[in-house]
Amino acid sequence: MSKKRLGEMLVDSNLIDQEQLRQALRIQEKQGGKIGEILVGLNLVDEKTITDLVSQQRDFKRISLDPKKIDRRLLSIVPRDVCRKYRIIPYMVENDMLVLAMDDPLNTFAIETVEFVTNYKVIPGIAEPSKIEEFLAMLFGKPSRKSIHETPDYLPFEASETEIKKLECNDDSVYFDVEKILQTAINDRATDIHIDSAHGESRVRYRINGVLVDRFSIPESKHEKAVFQLKLLANLDTNAEEINQSGAFSSEFQGKDYIFKLNLIGTITGTNITMKVSDETSAWRNLEQLGLTPHELAVVIENIFKPGGLILVCGPGGIGKTTTLYAILRKISSSEKKIIAVERQAEQMLDYISQVKVDFRKGLDYPATLDKVLRMDPDIIMIDELPDAKTAEMAIRAAYMGKTVISTLYTRDSFEGIVRLMDFGIDPFIIADSVNVVLSQRLVRTLCKSCREPSKLHDGRIVHNPKACEKCGWTGYASRTGVFEIVSGNDITRDVLLTTTTVESLATKLRDRGTGTLWQKGVKKVLTGDTSLTEIVRAIPKMPWD
Ligand SMILES: [Zn+2]
């Protein structure tokens, strides 16, 4: 079968003409998107026709999604995050092979992933994109995980009027969504969580800005299950039901550690729980506790102790950049050095460090604040981010002149971070001479070692999948660890930068020189049994150069 492009296939089948194709291509050039979706948007052809045509021409199995035909057992072996991410529906098993409904059956990575996690050979099938969306919503509901950044600020009196949602769990599973209770507390910036037992339904309430707000109800039958899991988390005696107990545990959300201080009180209707939420441990991890392998740690230490230069931590929000930044800062700080931190929110008080606040209202934007700081002649400058070209230019010039500068960039990975510096218009020679190290990271959950299940891949390698046991509170996971992409300054040479035009070309070059990419490092953590494949698929973007 020839690999004709969709547009040409439609023209050949007389469904659109050349001019209409050119029109769609012009739109694609300007706005991006898939050609099929653009043609549908222009009302030139409908989704069903395109799907039928691709299925015929490319020999993909045509799937007319029917809720009655879905083999629901498959939904429990392909994680919903994977289904959502690749817009796929594991549909049925035929001749011991898994039929996968996809809007893009050429997405070999999605196919490999499903084969990897299910151990079935996959038959890629095609269905209309809108049908797939519809089925994803029907099977899994709307995506439930929201990061802090997506969550609006709650006003307590508004929140109390929102619908109180029932927290349910599958009847055939002992897993209870305690994580959801904790996550919601973090998202809503609650200071306390109250879980009060009652006949019928327990209430989960949060104290937000000093006001108690009803958020969830738990069926009576599930209440003690929630209590049990919280006791496990806090290492309390799970048998001593009637005795009042207190304890604490920490849990990581969006790269920050939170402490939950727990009080349990027996009442006539059951156990009442109050939890105090605080993030006092945030940023107090040491460099050795971030999840770096001994080799990675050695590379980082070698580079951060070089006299002068830029140390850059890159990544999107919520991946623990600040924790890493502070861990590095603490490692290199000493009382003999003058250290100044430039921050929008000066939260993390550290010894020996003067903090200067960026204050836009007083006209102190980043460049103005940095200018002030440079005149104070520090040895080490920490800038919480490089938001614009001017700040980046000043920071890197200071590094070039012998200051140690530590900062972050809001990019996908370290390769994009380096290219961003060039896009800011900074001379590649100066970048090559002043960058000590660029790192990027993602946080992945580590498998519970008591219950993880080995599974053999087609090539004989062993990976592990999460299961559930008492030790991990029936979650299958124990804690979190970082996956790191570390570009040593030695590899960022003038030659490399001068021949770099895109992130892809830089990434390919650095990969060939031995830089392990986020994805490769994630796969390593899967093969050592520290985490699962689904977890890295969830947390790490796979790029063309991986
Ligand atoms: Zn376990």
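Helices here are DSSP runs of H or I with at least four residues, strands are runs of E with at least two, and both are numbered from the N terminus. The structure is a predicted model, in which local features need pLDDT of at least 70, side-chain atom pairs count only at pLDDT 80 or more, and totals for chains, interfaces and linings use all residues. Residues are numbered from 1 along each chain as its sequence is written.

Helix α20 (residues 518-527) is largely enclosed by the rest of the structure, because seven of its 10 residues are buried. A residue is buried if 20 or more other C-beta atoms lie within 10 Å of its own, exposed if 12 or fewer, and partly exposed in between, with C-beta atoms placed from the backbone. The buried residues of α20 are Leu 518, Trp 519, Lys 521, Gly 522, Val 523, Lys 525 and Val 526. They pack against β17 (435-447), β19 (462-465), β20 (477-488) and α21 (533-539); a contact requires C-beta atoms, placed from the backbone, within 7 Å.

## Nonpolar cores

A nonpolar core is a set of buried Ala, Val, Leu, Ile, Met, Phe, Trp, Tyr and Cys residues joined through C-beta atoms within 7 Å. The largest one has 96 residues, of which Leu 100 and Ala 395 touch the most other members. Helix α15 (residues 389-400) gives the most to this core, with seven residues. The core lies between domain 1 (1-59) and domain 3 (287-443 + 481-523), because both give residues to it; the domain bounds come from an automatic or database domain assignment.

Residues up to four places away in sequence aside, Leu 100 touches Ile 88, Pro 90, Tyr 91, Ile 111, Val 114, Val 122, Ile 123, Pro 124 and Gly 125. Another core, of 23 residues, lies apart from the largest one and includes Tyr 206, Leu 230, Leu 233 and Met 275.

## Val 78

Val 78 is in the loop between α5 (73-77) and α6 (80-86). It counts as buried because it has 21 C-beta neighbours inside 10 Å. Beyond its neighbours within four places in sequence, Val 78 contacts Cys 83, Pro 90, Val 114, Val 117 and Thr 118. Val 78 and Val 114 are 36 residues apart in sequence, with their C-alpha atoms 6.8 Å apart.

## The four-stranded sheet

Four strands form an open sheet of mixed pairing, in the order β1-β4-β3-β2. Strands pair if DSSP finds at least two bridges between them. The edge strands, β1 (61-62) and β2 (88-94), each pair on one side only. Strand β2 runs antiparallel to β3 (residues 97-102) over six bridges, and Met 92 stands opposite Val 99 in β3.

Key
Two residues are in contact if their C-beta atoms, placed from the backbone, lie within 7 Å.
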